[in-house]
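Please keep the sequence and the structure in view while reading.

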Amino acid sequence: MVRKNKHHPVSVSGEENAVQIPNLNKAEFLKTLRSKMGIISLACSSSGISPEIVDQWIRQDPEFQRKVDLCNEAALDFVESRMFEKIHEGDSRLIRFFLETRGKKRGYVPKKEIEAVSSSPIILTMEEAMILKSSINEAESQAPSGDH
């Protein structure tokens, strides 16, 4: 016996182990995926397709994988366009974020000033500051405690 429902998989029963067959095809799933901004788990929930089926489609069908990747790129493009709208409105936080992530070649690299014993500040990039912080934390964790 086969039962079909618009939002749920087709159920094939009458055998010892019932088989679940997805009711949507790949093209319909991709349409749902685009509407869910490339988030597979949301598209699966919305379409009734199990994540395992989608994973199988991705592994077995390079063209399907390419289309899933395109959905993710479209979502990124959408979010970037919203970010640029906010930048045009003067959002200084996003302007700084953009320059720190895409303007590195022009010198827009986050720096952190750390006061030292010397009278002049030491200027580090964020990467250098993180390495220094990690080294200090490691040294502190290896130092013997003063509680004797």
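Contact here means heavy atoms within 4.5 Å. The model is predicted. In it, the buried residues of helix α2 pack against α1 and α3.

**Aromatic pairs**

- A pair of aromatic rings is described by the distance of the centres and the angle of the planes.
- Four aromatic pairs turn up when the whole structure is searched.
- One of them joins Phe29 and Trp57: the ring centres are 6.1 Å apart and the planes meet at 75°, so this pair is edge-to-face.
- Phe29 belongs to helix α1 (residues 26–35) and Trp57 to helix α3 (residues 51–60), so their pair ties together parts that are 28 residues apart in sequence.
- Trp57 also forms an edge-to-face pair with Phe64, with 5.4 Å from centre to centre and 80° between the planes.
- Through ring pairs, Phe29, Trp57 and Phe64 are linked into a cluster.

**Helix α2**

- Helix α2 covers residues 40–47, and its residues Ala43, Cys44 and Ser47 are buried.
- Around the helix axis these three residues cover an arc of only 100°, which means that they lie on the same side of α2.
- An α-helix has 3.6 residues a turn, so residues three or four places apart point the same way.
- Just after α2 comes Gly48, which takes a positive phi of about 80°.

Conventions
Residues numbered from 1 in each chain as written. Predicted model: local features only at pLDDT ≥ 70, side-chain atom pairs only at ≥ 80, totals over all residues. Heavy atoms only, no water. Phe/Tyr/Trp six-rings, centres within 6.5 Å; stacked < 30°, edge-to-face > 60°. Helix = DSSP H or I, 4+ residues; strand = E, 2+ residues; numbered from the N terminus. Buried < 20%, exposed > 50% of the residue type's maximum accessible area, 1.4 Å probe, protein only. Arc of directions from axis to C-beta.
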